[in-house]
Amino acid sequence: MIRRSLVSTTTLAAMIAVLLIAQAPAAGQVQSPATKAAPVKPTPAGGKSWTPPRTPDGKPDLQGVWTNNTVTPLERPKELAGKEFYTEAELRALAKQERERLAQVEDEGQPPANHSGVEGAPADDVHYDFSQFGLDRGQAKLAWNRRTSIIVGPQGTVPPLTPDARKRLAEIRAKAKGHEFDGPENLPLGARCLARPNVGPPLLPSAYNSNLQIVQGAGYVAIETEMIHDVRTIPTDGRPHIPESIHQWYGDSVGHWEDNTLVIDTTNFTELTPFKGAQNLHVIERLTLADEDTILYQFTVEDPGMWTKPWSGELPITKIDGQLYEYACHEANSPLANTLRGARVAEERAANKSAK
Amino acid sequence: MIAGVAVLCVLSLAAPPSAAQAPAYRAPRTANGKPELSGIWQALNTADWDLEGQAAAAGPVPSLGAVFAKPPGLGVVEGGEIPYLPAMAAKKKENQANWVKLDPEVKCYLPGVPRATYLPYPFQIVQSQNTILISYEYAGAVRIINMGAPTKAPADSWMGWSNGHWEGETLVVDVTSQNEDTWFDRSGNFHSDALHVVERYTPRSADTLNYEATIEDPKIFSRPWKISMPLYRRVEKNVRLLEYKCPEFAEELLYGPLRKKSSN
């Protein structure tokens, strides 16, 4: 029997669970992008009208296990400025490149990377190879689409910060500098198993395990993200937001149906998630079944104190087989203890050296 | 004859239902004809303090006085006592003596089943035809109950593996593959990785459910045993399940000694 608590890191525990997922394709295979190449639209091309399946109470049935695993970055790379979509040929080339990257990673392992969560920290040389455990994004089902960035529009980037936000964030950074490893509260929220940016809202892909499950019950839609077993139970019965004075890591989501679309409105965030420093974050999400295996996921993010204008993104969410597994993060969070322990050892050594 | 029937009717109405009797209440139905269990529910008892019941006692933190003392409560174990194997009763006592140090709840670890049900926090049932999701406020714990053909767990986990089915008015959930790291309560009652729990959720009125859990673990107990309690619907207007992401609250306890010593 596999005992998660005996596994040295939480990530490894998750890796073992993923290894057991029967739906993982054989190594080296990347799903052909041909079938999902077009940017998804609520109604498929060809003029054929499509009626989504309904739950017994007549609502569009979004239920199932899904992934938003993608190669599309949130922001458009500089070299693609002004180009919102790849051509079909470019997308095929991208898929080939992805296959080759995966083949190389499987052959040689992943290059060293900065896993500390601290921007600019040197890459470590710890063996930490996602592909070995079936966690490389190329080994899971991918939501292919022709967009060059998740953020839509000619810019494809998060709009500029307001001058106030720039000043505030600079102050926060300056205060944090040199104290990255002082205590648990100085470490990134993900390393503390408190919140992950992929849960959002908006829902964004994670480096691995970009899986989610939707369950619809009377007056509620539940969205569970595998990382890190976070559930939003979203009322669709007209219930108001919770009082303004109560702030939560993932905010407070309320929803309603507009024809075939689930619209979710989220407010009441803390200042820490999912876009650090946004103080009055407001997220609107739209989930529309595009076909039986695809949800078109669209979102708009606004915070007038943070950004000079609202910004929007979209990406397809693709149905997968199997079910979610438990990602118990905090329960075996030895990396957090080890990070702090390492920092104390480094300080002690530095002190001893300077004393000599 | 007619009078005799009337007397019988009155007699049967007046007789209190025995524990074994099926409840007379019939819950509202979902679109596919099953009892509707959706809602936000909570236990209202001291089961999380001690399944076997306890007299009031001082809490573990003197400075908290009456705010975090042990409340008195009757037990929820049928027959009163948990049937430990003799050697395991000693382990339970040891756990109890080291409660604050050893209880996974103190560290905000996922609670396992059945403890998740009677922690002093609400939980929400989102009921669909093939899947029932239970979201617990404590630690953001969650379970997906598979209502289709039973499936087998690929690995042990904190919240276990749940397969459910309907028996008349009752949702029956078979829970296996829980790891051995969860406890049943703050009194050190524990189990091994051989734990097998069968839960029964039965509507008993519009706003109450009866909850039963049969607990089997041949490594720890001499026979299966059962707990039962009512669960109450949270009926407040606009009630919601809120976040109780407690890893943050356990950080000082778990990582405080590794904090950088203040240089001033």
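This is a predicted model: local features need pLDDT of at least 70, side-chain atom pairs count only at pLDDT 80 or more; totals for chains, interfaces and linings use all residues.
View 1. Starting at the N terminus, the order of elements in chain A is α-β-α-α-β-β-β-β-β-β-β-β-α. That makes 4 helices and 9 strands. Of the 356 residues in chain A, 36% are buried. Among contacts in chain A with a separation of 6 or more, 66% join residues 24 or more positions apart.

**View 2. The open sheet of chain A.** Follow the strands across in the order β4-β3-β2-β1-β9-β8-β7-β6-β5, and you will find antiparallel pairing. At the edges stand β4 (230–235) and β5 (252–258) of chain A; each has a single partner strand, so one side of each lacks a neighbour in the sheet. From one strand to the next, the twist averages 25 degrees.

**View 3. A closer look at β6 and β7 of chain A.** Here β6 (residues 261–267) and β7 (residues 282–291) of chain A run antiparallel to each other, paired over 6 bridges. To find your place in this pair, look for Asp265(A), which has Ile284(A) of β7(A) opposite.

**View 4. Where chain B meets chain A.** Contacts link 40 residues of chain B with 47 residues of chain A. On the side of chain B that touches chain A, at least two residues come from each of β4 (123–127), β5 (131–136), β6 (142–146) and α5 (251–255) of chain B. The residues on this side of chain B comprise 17 nonpolar, 12 polar and 11 charged.

Conventions
Residues are numbered from 1 along each chain as its sequence is written. Chains are lettered from A and ligands numbered from 1 in the order in which they are written. A residue is buried if 20 or more other C-beta atoms lie within 10 Å of its own, exposed if 12 or fewer, and partly exposed in between; C-beta atoms are placed from the backbone. Two residues are in contact if their C-beta atoms, placed from the backbone, lie within 7 Å. Ala, Val, Leu, Ile, Met, Phe, Trp, Tyr, Cys and Pro count as nonpolar, Asp, Glu, Lys and Arg as charged, and the others, Gly among them, as polar. Two strands pair if DSSP finds at least two bridges between them. Axes are lines fitted to C-alpha atoms, for helices over the stretch in contact, and angles run from 0 to 180 degrees between N-to-C directions.
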